[in-house]
Number of protein chains: 2
Amino acid sequence: MPLKADLDAIDWKILRELQGDGRMTNVELSTRVGISAPPCLRRVKRLEEAGIIRGYRALLNAPALGLDVVAFCLIGLHHQADAELRTFAERTRGWPIVRDAWMVSGESDFLLHCVASDLGAFQSFVIEELTSTPNVDTVRTALTIRRVKDEGLVSFAQP
Amino acid sequence: MPLKADLDAIDWKILRELQGDGRMTNVELSTRVGISAPPCLRRVKRLEEAGIIRGYRALLNAPALGLDVVAFCLIGLHHQADAELRTFAERTRGWPIVRDAWMVSGESDFLLHCVASDLGAFQSFVIEELTSTPNVDTVRTALTIRRVKDEGLVSFAQP
DNA sequence: GGCAACACGCAAGAATCTTGCGTGATTTTG
DNA sequence: CAAAATCACGCAAGATTCTTGCGTGTTGCC
């Protein structure tokens, strides 16, 4: 199971390319990184098995699917004991509107990335679900106007 | 160019499956959605050409790559005229630490999703880059403790 | 009732994936 | 220092998948 230290320049190129286009064929990938197809495929599989590549995902166009509202919610809880943090985290998994959620430190305890069909749906989620959840203290929302940058998760100033 | 209204149940299944595993072979996908491979591939291509599938991306394991800090920054500007918003948006694209950025409404003007190798790198980004950028008024940061939910962008209570 | 439009499934050729194997380079070991 | 071991590469071939063209059945609309 290779770690960061075991990755060479070709591995980094593979990661960069697959982050840019996760459905690229292996032959295309192999020519881009400068080796032949078989060792390239072996490297990709090793990266997958090591958990460095966590998976692949299609990126969907939310507005085209009738999902016009993307928003972030910052949640502060009254009590931050471990059990209560876990309880709230579990609850986020049951809300389909919440796509990603993070436990954070700072002024808030959780940050929720939400997608809804329209403003009404988002507002009723905030009022009927979020603020009425036990132990929820503060809810601050930030409606997104537009996405300004959209790279992958990981940057590559690395070797 | 099909819109939401033109999608049937099979299209929604395709989107769900590819959001779960963007590198699935077309024959696997076709059996999962219950049609044969050729029409399935035609549907996927139509979804891509319509812009409903925006692309595919490998998901990487940031900690395994030596990127231990994931954080969000909420930025408030002094002046929010269109030109100034564009200027700041452009600037986010030049910062490798910033992976996604959104223009938002609410208490802040921008929300930045950042990934850094360690706390020091993130702190010097905040101090030397962010707060010293002209027109930046407030910077609130939220360091992530752990990811609590990680679905794709789009939910599927849809048909 | 007939016609056009559409999507499906089959089939075949092209491309890709996948595995085994031999070679050469680097590292480890005696 | 030399021999052996390890490793990753590239080639080649069989299996799988992709991709296209075509015929058929269904649906909707004259």
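Over all chains, the structure holds 20 salt bridges. The model is predicted.

**A salt bridge within chain A**

- The side chains of D8(A) and R43(A) form a salt bridge, with an N to O distance of 2.9 Å.
- This pair links distant parts of the chain, since its two residues lie 35 residues apart.
- D8(A) belongs to the segment before helix 1 of chain A, whereas R43(A) belongs to helix 3 (residues 37–49) of chain A.

**Domains of chain A**

- The domain assignment divides chain A into domain 1 (4–49) and domain 2 (63–143).
- Taken over C-alpha atoms, the centres of domain 1 of chain A and domain 2 of chain A are separated by 37 Å.

**Extent of the interface**

- Chain A contributes 70 residues to the contact, and chain B contributes 70 residues.
- Between them, chain A and chain B bury about 7,300 Å², and 56% of this area is on carbon and sulfur atoms.

**Polar and charged links across the interface**

- Six salt bridges are found across the interface of chain A and chain B.
- In a salt bridge between the chains, the side chain of R140(A) meets that of E107(B) at 3.5 Å, N to O.
- The interface of chain A and chain B also has 49 residue pairs in polar contact, with both residues at pLDDT 80 or more.

**The side of chain A that touches chain B**

- Several elements of chain A each supply at least two residues to this side, among them helix 1 (9–20), helix 4 (82–93) and strand 5 (136–150).
- Strand 5 of chain A provides the largest share, eleven residues.
- By residue class, this side of chain A comprises 37 nonpolar, 17 polar and 16 charged residues.

**Strand pairing between the chains**

- Strand 5 of chain A runs antiparallel to strand 3 (residues 98–105) of chain B, and six bridges join the two strands.
- The bridge partner of T144(A) in strand 3 of chain B is V104(B).

Conventions
Residues numbered from 1 in each chain as written. Chains lettered and ligands numbered in written order. Heavy atoms only, no water. Domains from an automatic or database assignment. Contact = heavy atoms within 4.5 Å. Buried area = accessible area lost by both parts, 1.4 Å probe. Salt bridge = Lys/Arg side-chain N within 4 Å of Asp/Glu carboxyl O. Polar contact = N/O pair within 3.5 Å; in protein donor to acceptor, adjacent residues only side chain to side chain. Helix = DSSP H or I, 4+ residues; strand = E, 2+ residues; numbered from the N terminus. Nonpolar A, V, L, I, M, F, W, Y, C, P; charged D, E, K, R; others polar. Pairing = 2+ DSSP bridges.
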